[in-house]
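These are my notebook entries on a structure that I looked through one place at a time. I wrote down what I looked up and what I found there.

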Amino acid sequence: MTIRYPRPLRPGDRVGVTSPSAGVAEPLRARLDVAVEEIERRGYEMVVGRCMDGSTHVSAPAAARAAELTGMLTDPAVRAVVPPWGGELAIDLMPHLDFEAIGRAEPTWLVGYSDMSTVLAPLTLLTGVATVHANNLMDTPYRVPEGLVSWLDIVAAPQGEPFTQTPPGRHRTGGWDDWTLEPGIGEFTLDGAGGWRRLDGEGDVEVEGRLIGGCIETVAPLAGSRYLDTRRFAGAEPLLVYVEACEDNALIIARHLHGMRLAGFFDRAAAVLVGRTHAPDAPTLTQDAAVLDALGPLGVPILADVECGHVAPYLPLVNGARGRVVHTAARSEITQTLD
């Protein structure tokens, strides 16, 4: 399978907003407006879809959500699609999304994380179209810390030009900003310190491969299905697999990761990147131990506390991109190339 990249965004291009999972409740519409205006300031035209209702756990029936997302991804006038955030049940889109039509269309950037990884990973695996695992629309107004890049910069970057990200050494230790009180907030509270850690042992890491991954709780139910099949992805190239836990305790995370490994998701992993998490430990199992229990038998480097999860700030990863990870006592970095 050849990885295909959407063309870089240019001023005047159209960006679509839809909610493939959860919509936006009325008290948070002001934050949505701020986020839309942030992208408009970049010179893009914003189009907000009809599947945006936030009164329940989903923005619309599954068929309607899938139709709107498919429509945006196959509309040649729409160059990127970004949801307000994730949710809980994007998995119900799988039988309704027209992956064949999306694969035939000119590629369009799809951005997001959390429950959106339930759509991002299958789309890349089934069609070969690169997708961006990055902060969602509602997080976009935050200033990007030094060392990281915005998803907006990635989708506008020239194809084939590598970009490198390094951990900023700061993260949020807990809690969320109240967007109902401060819809325009643009500065992260990064009150914790720490960088990447190697979980599986000692020594430097330098490894390359194609990136693929997502949120453990939302993608694990797809393991063993055609939607999460990495066997034919990117030919025989090794993979850099990234995973992150949102909220499940360590026992549940261990069970999910064991299931994904048994289904073959990690078979071609040259390394595993694990997102920093605030998910709880279990009485006799920590989150670190859960990862090692399930993925230690792979015998590949496992790096923890990567900024690719639910703990701010956010390190965007492009599914399908060629990645190179370096981790030593002196530095940690990931370089991605869209080729």
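Predicted model: local features only at pLDDT ≥ 70, side-chain atom pairs only at ≥ 80, totals over all residues.

**Entry 1: a helix pair.** I began with helix 7, which covers residues 250-262, and helix 8, which covers residues 287-295, and I found that they pack with their axes 8 Å apart and at an angle of about 20°. Because of that angle, helix 7 is roughly parallel to helix 8. I also noted that the crossing of the two helices is right-handed. On the helix 7 side I listed Ala 250, Ile 253, Ala 254, Leu 257, His 258 and Arg 261, and these meet Gln 287, Ala 290, Val 291, Asp 293, Ala 294 and Leu 295 of helix 8. When I sorted the residues of this contact by kind, I had eight nonpolar, two polar and two charged.

**Entry 2: Trp 151.** Is this residue buried or exposed? I found Trp 151 in helix 5, residues 151-156, and with a relative accessible area of 1% it is buried, since buried means under 20%. Leaving out residues up to four places away in sequence, I saw that Trp 151 touches several others, among them Ile 39, Val 82, Val 111 and Pro 316. Its side chain also makes a polar contact with the side chain of Thr 140, at 3.0 Å.

**Entry 3: Gln 336.** I then turned to strand 16, residues 332-337, where Gln 336 lies, and I noted that Gln 336 is buried, with a relative accessible area of 0%. Which backbone atoms does the side chain of Gln 336 reach? The side chain of Gln 336 reaches the backbone oxygen of Pro 316 at 3.0 Å and the backbone nitrogen of Val 318 at 2.8 Å. Beyond its neighbours within four places in sequence, Gln 336 is in contact with residues including Glu 161, Phe 163, Leu 211 and Arg 322.

**Entry 4: the backbone.** Before looking further, I reminded myself that most residues other than glycine have a negative phi, and that most peptide bonds are trans. Against that background I noted a cis peptide bond between Ala 312 and Pro 313, with omega about 5°, and I placed Pro 313 in the loop between strand 13 and strand 14. Ser 114 has a positive phi, near 60°, and is found in the loop between strand 4 and helix 4. Asp 305 also has a positive phi, of about 65°, but Asp 305 lies in strand 13. I recorded Ser 114 as buried at 10% relative accessible area, and Asp 305 counts as buried at 17%.

Definitions and conventions
Residues numbered from 1 in each chain as written. Heavy atoms only, no water. Axes fitted to C-alpha atoms, helices over the stretch in contact; angles between N-to-C directions. Helix = DSSP H or I, 4+ residues; strand = E, 2+ residues; numbered from the N terminus. Parallel < 35°, antiparallel > 145°, perpendicular 65-115°, else oblique. Left-handed = near helix turned anticlockwise from the far one by under 90°. Contact = heavy atoms within 4.5 Å. Nonpolar A, V, L, I, M, F, W, Y, C, P; charged D, E, K, R; others polar. Buried < 20%, exposed > 50% of the residue type's maximum accessible area, 1.4 Å probe, protein only. Polar contact = N/O pair within 3.5 Å; in protein donor to acceptor, adjacent residues only side chain to side chain.
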